[in-house]
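Me: I have a model open and want to go through its main features. Can you take my questions one by one?

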Amino acid sequence: MKLFRFSLFIFLFFVVAISNAQKTAPKPYGALPSERQLKWHEMERYCFLHFTVNTFTDREWGLGGEKESVFNPTDFNADQIVSTIAKHGFKGAILTCKHHDGFCLWPSKYTEHSVKNSTWKNGKGDVVREISEACKKYGIKFGVYLSPWDRNSALYGKPEYITYYRNQLKELLTNYGNISEVWLDGANGGDGYYGGANEKREIDRKTYYDWDNTFSIIRKLQPNACIFSDIGPDTRWCGNESGFVKDSCWAAYTAHGPNGDKPGIGYTQSDEGETGTLNGQAWIPAEVDVSIRPGWFYHQSEDTKVRSLESLKEIYFKSVGNGACWNLNLPPDRTGQINANDIKALDELQDYLTKSFSKNLLQGAKVSASETRGNNKQFAAFNVLDNNKKTYWAVNDATRTASLTFTLPKESTFNCFEIKEYIKLGQRIQSFTIEVEKNGKWEQVFKGSTVGSKKLAKFDNVSARRVTVTFLNSLACPVIESVKLFKVL
């Protein structure tokens with residue numbers, strides 16, 4: 001009898017313990033985002049500004065021996081550039097402060113190959129300062145691109161170049177206010193001017209730059225800045241310049257070298273950037289970098305080749321809509337402003353986004369869940385509709401498949417769900433389906449893979465009043481921050 005009572009006590013103890021556990025927040029799962037990364041996710045869209053001597057030589061990659069005098073915009077206007085970015089809903093600007101040609105858009109004291117020896121403003125100008133100040137004016141985050149490869153420097157390929165590079169990096173990180181992102185290109189080594197040597201120099205991309213120590217400098221001088229490269233550590237290259245990541249896109253990522261060896265900046269298996277890594281080592285989400293024109297720098301011959309609205313829409317859904325951030329390149333022209341053809345394309349895009357996403361059809365809807373964690377209102381289904389980033393719907397720890405059913409105020413026509421996981425606790429969803437009720441029967445209209453920070457599930461127009469989203473085979477119990485429903489154009 002005593003043994004029976006003891007066993008019953010143990011059983012009841014565990015029942016109570018499990019029950020209480022379900023009334024507390026789910027434990028984090030896997031790799032988790034830092035505060036700087038969470039703020040980066042919220043940006044969703046920002047712009048690249050490719051601008052240097054190439055703009056005036058009609059090249060994509062400068063050779064490094066260009067005369068400084070060639071850089072001479074006729075009507076540079078940082079206000080026009082940044083206000084264009086802000087007006088069209090982009091949240092940041094990343095300036096190519098130094099591209100592969102080594103020409104610096106600020107008066108660096110470590111080289112003569114800079115604006116201080118250009119014709120523009122009689123050598124008294126500073127593009128970096130003017131853009132950074134315009135960003136402050138319009139509430140736009142400012143980022144810097146500093147090419148690791150320098151085809152002008154006689155030091156490139158030698159150990160001394162690392163000190164030179166870090167000195168220039170320190171100038172950018174200490175003289176221009178808050179920096180939101182430091183962008184590190186993977187193009188490294190090859191033919192160049194190299195102080196007049198005019199030769200080919202190769203480096204070991206895995207070891208030459210000693211990136212760990214350079215990263216520590218960035219962390220010390222700009223602790224809130226995200227560091228971008230194809231190995232992270234904060235954001236990763238999406239693996240292509242075509243404007244997409246895959247439907248299955250994990251923010252977690254483990255970089256690998258092309259041969260499965262140690263990776264480096266410019267030395268990875270690029271296709272892994274499109275998908276991330278299931279249960280990857282660190283939270284390193286994808287950035288989709290793509291140009292509004294065929295080239296990265298302005299070329300008059302491309303004025304008629306600016307991306308169409310259909311192309312920009314596709315990129316939006318395949319980047320932001322798959323949980324990545326979109327870095328759209330807007331190259332200033334030879335006047336030093338965003339070209340009218342590019343602005344026309346941006347006008348069309350912003351008009352489309354405004355009209356498509358201005359009305360959430362789930363406003364006023366009722367929602368029910370297959371399960372609520374511990375039957376606790378703190379984790380109830382209505383949290384996905386409350387527009388509060390701090391609340392979420394969650395289910396019990398052992399549950400891996402769960403669903404939400406929405407009843408709209410009236411039958412409506414729609415074609416796009418927006419779903420967000422509560423990523424502070426990690427990324428969990430492996431797949432999901434969307435079904436609508438028609439004549440008392442449920443019909444699947446969409447099947448997708450990961451969700452992450454944001455998923456836009458777009459399908460053919462359908463009219464219904466009841467719709468269900470089912471999360472399948474989650475890595476841990478599903479934790480959903482918000483769900484919205486739209487009829488996009």
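The questions below cover the barrel first, then the pocket.

Me: In what order do the eight strands close into a barrel?
Reply: Keep in mind that this is a predicted model. Strands of a sheet can pair in parallel or antiparallel fashion. Here the pairing is parallel, and the order is β1-β2-β3-β4-β7-β8-β11-β12.

Me: What is the average twist from one strand to the next?
Reply: The barrel is built from eight strands. From each strand to the next, the twist averages 25°.

Me: At what angle does helix α6 run to β3?
Reply: Helix α6 spans residues 160-175. It lies across β2 (92-98), β3 (141-146) and β4 (181-183). Its angle to β3 is about 165°.

Me: Which element gives the most to the lining of the largest pocket?
Reply: The largest pocket has a volume of about 950 Å³. Its lining counts 41 residues, and the closest to the centre are E42, E44, K389, K420 and E481. At least two lining residues come from each of α2 (35-43), α9 (340-357), β15 (402-421) and β19 (479-486). With six residues, the one that gives the most is α2.

Me: How many charged residues are in the lining of the largest pocket?
Reply: Sort the lining by class. There are 14 nonpolar and twelve polar residues. The charged residues number 15.

Conventions. Residues numbered from 1 in each chain as written. Predicted model: local features only at pLDDT ≥ 70, side-chain atom pairs only at ≥ 80, totals over all residues. Heavy atoms only, no water. 1 Å grid on protein atoms, 1.4 Å probe; cavity = no way out; pocket = protein on both sides within 12 Å on 5 of 7 lines; lining within 4 Å. Points joined across faces, edges and corners; volume = space filled by probe spheres on them. Helix = DSSP H or I, 4+ residues; strand = E, 2+ residues; numbered from the N terminus. Nonpolar A, V, L, I, M, F, W, Y, C, P; charged D, E, K, R; others polar. Pairing = 2+ DSSP bridges. Axes fitted to C-alpha atoms, helices over the stretch in contact; angles between N-to-C directions. Contact = heavy atoms within 4.5 Å.
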